[in-house]
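Please read them with the model open beside you.

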Protein chains: 6
Amino acid sequence: MPVITVKLAKGRTVEQKQQFVEVVTNEAVKKLNVKEEWVTVIFDEYERENWASSGELHSLKFGEGFGMKGIEK
Amino acid sequence: MPVITVKLAKGRTVEQKQQFVEVVTNEAVKKLNVKEEWVTVIFDEYERENWASSGELHSLKFGEGFGMKGIEK
Amino acid sequence: MPVITVKLAKGRTVEQKQQFVEVVTNEAVKKLNVKEEWVTVIFDEYERENWASSGELHSLKFGEGFGMKGIEK
Amino acid sequence: MPVITVKLAKGRTVEQKQQFVEVVTNEAVKKLNVKEEWVTVIFDEYERENWASSGELHSLKFGEGFGMKGIEK
Amino acid sequence: MPVITVKLAKGRTVEQKQQFVEVVTNEAVKKLNVKEEWVTVIFDEYERENWASSGELHSLKFGEGFGMKGIEK
Amino acid sequence: MPVITVKLAKGRTVEQKQQFVEVVTNEAVKKLNVKEEWVTVIFDEYERENWASSGELHSLKFGEGFGMKGIEK
């Protein structure tokens with residue numbers, strides 16, 4: 001405890017994920033009153049073809065990619 | 001809200017998934033009283049080797065594929 | 001297959017959930033090419049205190065309730 | 001995107017959860033290159049009777065409670 | 001690793017859950033080549049009103065209860 | 001019911017997974033009082049780059065692989 005699952009589009013680098021893990025783990029220790037070794041963080045990565053919002057698959061809405069890519073059109 | 005996750009075998013086309021997303025999103029709006037832009041639909045796709053029922057992996061029970069394929073044997 | 005999980009705020013009636021289940025199950029049969037008896041639908045219900053978007057818990061942002069309640073303020 | 005699910009024992013206050021949500025959301029924006037309004041954080045809370053590690057339910061191992069409570073025995 | 005989540009109807013006793021956890025943890029150690037202290041087992045318990053198969057909520061199909069109760073009708 | 005999800009590192013063989021499924025399904029039947037045909041077991045497999053504990057991605061902590069590989073350093 002806790003097990004933290006992050007569902008997001010595929011594409012982040014190992015560095016991005018490691019930096020995010022460090023901050024989230026530290027915050028869990030400080031704010032949720034747990035030991036560092038208890039904290040598990042899991043990334044579930046998705047193709048945009050497998051994620052939809054407002055009734056549309058993101059691959060159709062934004063094209064390939066992740067994060068801000070294609071969003072700004 | 002809501003976040004709807006669909007766990008199923010790998011193999012459906014983008015068209016199949018898009019059609020399913022449209023109907024599920026519309027129903028959520030009508031029946032569950034939410035706004036379209038609140039609805040997220042996520043597909044978790046599996047190889048048959050990673051899904052078992054009645055104590056047997058589906059790859060052993062039905063062979064490769066998805067949906068009705070191999071089921072009718 | 002498939003297993004469909006619907007995560008949403010607590011408060012819908014049995015009737016609302018049953019109507020939603022019927023349509024989602026039928027669509028899975030028609031669009032995703034599966035048998036009705038294969039389809040499982042699971043509702044995970046949440047207090048607004050346990051759901052946050054844009055960095056704020058919904059109980060703080062919208063007060064108690066679900067769906068459109070408190071959203072229109 | 002992203003949807004972040006935090007599975008932990010029941011017992012944290014609204015303030016603890018709100019503080020954790022703020023930091024995790026900010027980090028997602030900075031480190032994972034997403035917009036604040038895209039970030040959903042969901043808390044799944046558990047009785048110790050429904051969480052086991054090393055083959056033992058935590059209610060049997062640590063008694064009732066959460067976090068450090070009972071762990072130090 | 002591994003994190004094993006068991007989604008089932010509400011109603012099992014602590015003893016039933018503890019016995020199940022012991023066997024599943026031992027099997028993970030033996031068959032999946034992991035250490036006992038790495039294994040987490042989590043129970044997600046549901047009212048029958050929040051679980052549907054073949055297009056019908058189990059509370060409507062089988063009444064209240066869990067496991068074999070109401071199934072034999 | 002029940003739906004059992006096993007989240008673990010990628011790499012086990014079909015045989016390892018099948019053996020684990022058989023025991024877990026039998027135990028669910030015996031200990032949780034359900035029918036064999038009700039039991040679904042799903043494997044979610046992860047690269048070590050997508051799993052972190054104690055604030056560090058397992059690919060950085062243990063290198064590539066799964067189970068005991070790299071752990072003994």
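1. Start where chain A meets chain B. Nine residue pairs are in polar contact across this interface, both residues of each pair being at pLDDT 80 or more. That threshold applies because this is a predicted model. On the side of chain A that touches chain B, strand 3 and strand 4 of chain A each supply at least two residues. Strand 3 of chain A gives the largest share, three residues. By type, this side of chain A divides into five nonpolar, four polar and three charged residues.

2. How much area do chain A and chain B bury between them? The figure is about 1,200 Å², with 53% of it on carbon and sulfur atoms. Three residues stand out on the chain A side: A:Asn50, A:Ser54 and A:Gly55 supply 40% of the area that chain A buries against chain B, more than any other three residues. In terms of contacts, 12 residues of chain A touch 15 residues of chain B.

3. Salt bridges between these chains deserve a look. There are two between chain A and chain B. A:Lys7 and B:Asp44 meet through their side chains in a salt bridge, at 3.9 Å from N to O.

4. Strand pairing also links the two chains. A:Ser53 has B:Thr40 as its bridge partner. A:Ala52 is partnered by B:Val41, again in strand 2 of chain B.

5. Eight strands form an open, mixed sheet in the order 4(A)-3(A)-2(B)-1(B)-1(C)-2(C)-3(E)-4(E). Strand 4 (56-57) of chain A and strand 4 (56-57) of chain E stand at the edges; each has a single partner strand, so one side of each is left without a neighbour in the sheet. Helix 1 of chain B (residues 14-32) packs on this sheet. This helix touches strand 3 and strand 4 of chain A, strand 1 (3-9) and strand 2 of chain B, and strand 1 (3-9) of chain C. Its direction makes about 140 degrees with that of strand 2 of chain B. Helix 1 of chain C (residues 14-32) packs on the sheet too. The contacts of helix 1 of chain C are strand 1 of chain B, strand 1 and strand 2 (40-46) of chain C, and strand 3 (51-53) and strand 4 of chain E.

6. Strand 1 (residues 3-9) of chain A runs antiparallel to strand 1 (residues 3-9) of chain D, and five bridges join them. Here A:Val6 stands opposite D:Ile4.

7. A:Lys17 forms one with A:Glu45, the closest N and O atoms being 2.9 Å apart. A:Lys17 lies in helix 1 of chain A and A:Glu45 in strand 2 of chain A, so the pair ties together parts 28 residues apart in sequence. Over all chains the structure holds 42 salt bridges.

8. Chain E and chain F give another interface to check. The area buried between them is about 2,900 Å², and carbon and sulfur atoms give 72% of it. Each chain puts 29 residues into the contact. The rule finds zero salt bridges here, but seven residue pairs in polar contact. On the chain F side, helix 1 gives the largest share, nine residues. That side divides into 17 nonpolar, six polar and six charged residues. Five bridges join strand 1 (residues 3-9) of chain E to strand 1 of chain F, antiparallel. E:Thr5 pairs with F:Thr5.

9. Two chain pairs are apart. Chain A and chain C do not touch, their nearest C-alpha atoms being 14 Å apart. No contact joins chain D and chain F, and their closest C-alpha atoms also lie 14 Å apart.

Key: Residues are numbered from 1 along each chain as its sequence is written. Chains are lettered from A and ligands numbered from 1 in the order in which they are written. This is a predicted model: local features need pLDDT of at least 70, side-chain atom pairs count only at pLDDT 80 or more; totals for chains, interfaces and linings use all residues. Side-chain values use heavy atoms; hydrogens and water are left out. Two strands pair if DSSP finds at least two bridges between them. Helices (H or I, at least four residues) and strands (E, at least two) are DSSP runs, numbered from the N terminus. Contact means heavy atoms within 4.5 Å. Axes are lines fitted to C-alpha atoms, for helices over the stretch in contact, and angles run from 0 to 180 degrees between N-to-C directions. Buried area is the accessible area (1.4 Å probe) that two parts lose on being put together, summed over both. A salt bridge is a side-chain nitrogen of Lys or Arg within 4 Å of a carboxyl oxygen of Asp or Glu. A polar contact is a pair of N or O atoms within 3.5 Å; within protein, one must be able to donate a hydrogen and the other to accept it, and residues adjacent in sequence count only if both atoms are side-chain atoms. Ala, Val, Leu, Ile, Met, Phe, Trp, Tyr, Cys and Pro count as nonpolar, Asp, Glu, Lys and Arg as charged, and the others, Gly among them, as polar.
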